[in-house]
Amino acid sequence: MNILRGALGFLVKENREIEGLNQQQASEIIKTKEKSKSLSAHISSCFEELHQFLRRREEELKEEQEREEKTTVAAMLKNDCVIENRLMIGREMEVTLQSALEIPESDHFLEWWSERGLPVIEGMKMKDTAKPKSRVRGLSVTPDSLNLGLYETHLPFCMWKEMLKVVKPVPVRLTLSSSDDSYLKVSEGGASVRHADRKGGFGFKYYRDYAATTTVVSTETVQTGQHYWEVEVGGKLDWGVGLKVKEDSGKQSVLSPEREIMLHLKPEKGLVFSHDGVETPLMAAGGDPGTQAEAQVGPRRVGLCLDCDRERVSFYDADSMVLLHSSWCSFVSPCSLCLCPGPYMEGRNTNPLTVCWY
């Protein structure tokens, strides 16, 4: 009996826990469906805003095109009136002279000549000369000049640039902290970082090796919410883009080099993801696709998405928005954007890394 009661008690307890899990799961399902509806409404709202912008700009450009057409055609019509007037006069003169060839009698011809022919011939002469005056001189065709400039040839690109002014949100402007490191130079305004000009003399090898690991971080830090930034890496041969955590050490916050999440491009390895020093190859140096990176060459612009609430960091090819890699992150302290310009490579890797501002 005691065994039976013990087993029954165990089952009752287990079933209550399972029932609780069942209710929690049902609640999560409802929450997911409600969130899906909310996201669907948000997507529709965002696209409707873009559609409204594009429709408005379409109407504005059509109106501008119509105004340009009216202005251009008005000038062409004015010129055409001058041409038609001279043509009409010329044809009347041609008919007048042509009619003389059909006069058989000389006395009638002389009468025509004195009354009509001579005034026409004299009117055709240039002043103070017997040469005929050209009525074509001074006439020209007004060419088609209807032109909308860049909108005519690069309309989608122009609209994309204009949309950046109305699209919200856009990547937050970050500024890089001035580096105390003599090997790195942060631009005025803090938008980019590059290698300092190489100096001759002792220490070339040390410069090359040391500069391969030096980094700069953004002045701003984040710890909550969702954030997205873009970094222009261009055609650099070696670089690193990621996050560096600012950890509490007693009373003073210090940057911990062990708490980095980085995406690197390395000549000998290709794209590499690094989490606290542990590297994961994403794309071979020869261009073979790796785990998630599908691009055949390194990106020219890197997008970094940090979701603090979901503890997720993702890297994108910002030009095509192809996902390069996504990983968990459990930041309990504020973190900053971190950039590594890579090694000097005897001057072949000196281009800057630039935080994109929109």
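Student: In which element of the protein chain is confidence lowest, and in which is it highest?

Tutor: This is a predicted model, in which local features need pLDDT of at least 70 and side-chain atom pairs count only at pLDDT 80 or more, while totals for chains, interfaces and linings use all residues. Residues are numbered from 1 along each chain as its sequence is written, and side-chain values use heavy atoms, with hydrogens and water left out. The term pLDDT is the predictor's confidence in each residue, from 0 to 100, and helices (H or I, at least four residues) and strands (E, at least two) are DSSP runs, numbered from the N terminus. In the protein chain, helix α5 (residues 204-211) has the lowest confidence, with a mean of 52, whereas strand β13 (residues 353-355) has the highest, at 96. The chain averages a pLDDT of 83, and 86% of the residues score at least 70.

Student: How should a stretch such as residues 253-258, where pLDDT stays under 50, be read?

Tutor: Where pLDDT is low, the predicted coordinates should not be read in detail. A contact means heavy atoms within 4.5 Å, and the model has 15 contacts beyond four places in sequence for residues 253-258. Residues 285-296 also have a pLDDT below 50, and the model gives this stretch 27 contacts beyond near neighbours in sequence.

Student: How many helices and strands does the protein chain have?

Tutor: The secondary structure comes to five helices and 13 strands. Of the contacts in the chain with a separation of 6 or more, 60% are between residues 24 or more positions apart.

Student: What is the volume of the largest pocket, and which residues are closest to its centre?

Tutor: Rolling a probe the size of a water molecule over the atoms shows where empty space is left. On a 1 Å grid over the protein atoms alone, a pocket is an open set of points where a 1.4 Å probe fits, with protein on both sides within 12 Å along at least five of seven lines, and lining residues have an atom within 4 Å of a point. Grid points are joined across faces, edges and corners, and the volume is the space filled by probe spheres set on the points. Here the largest pocket has a volume of about 980 Å³, and of its 26 lining residues, V167, P169, V170, P171 and Y228 are the closest to its centre. Helix α1 gives the most to the lining, with six residues.

Student: Is D238 buried or exposed?

Tutor: Buried means under 20% relative accessible area, exposed over 50%, and partly exposed in between (1.4 Å probe, protein chains only). D238, in the loop between β4 and β5 (239-249), counts as buried at 11% relative accessibility. Beyond residues up to four places away in sequence, D238 touches several residues, including L265, P341 and N349.
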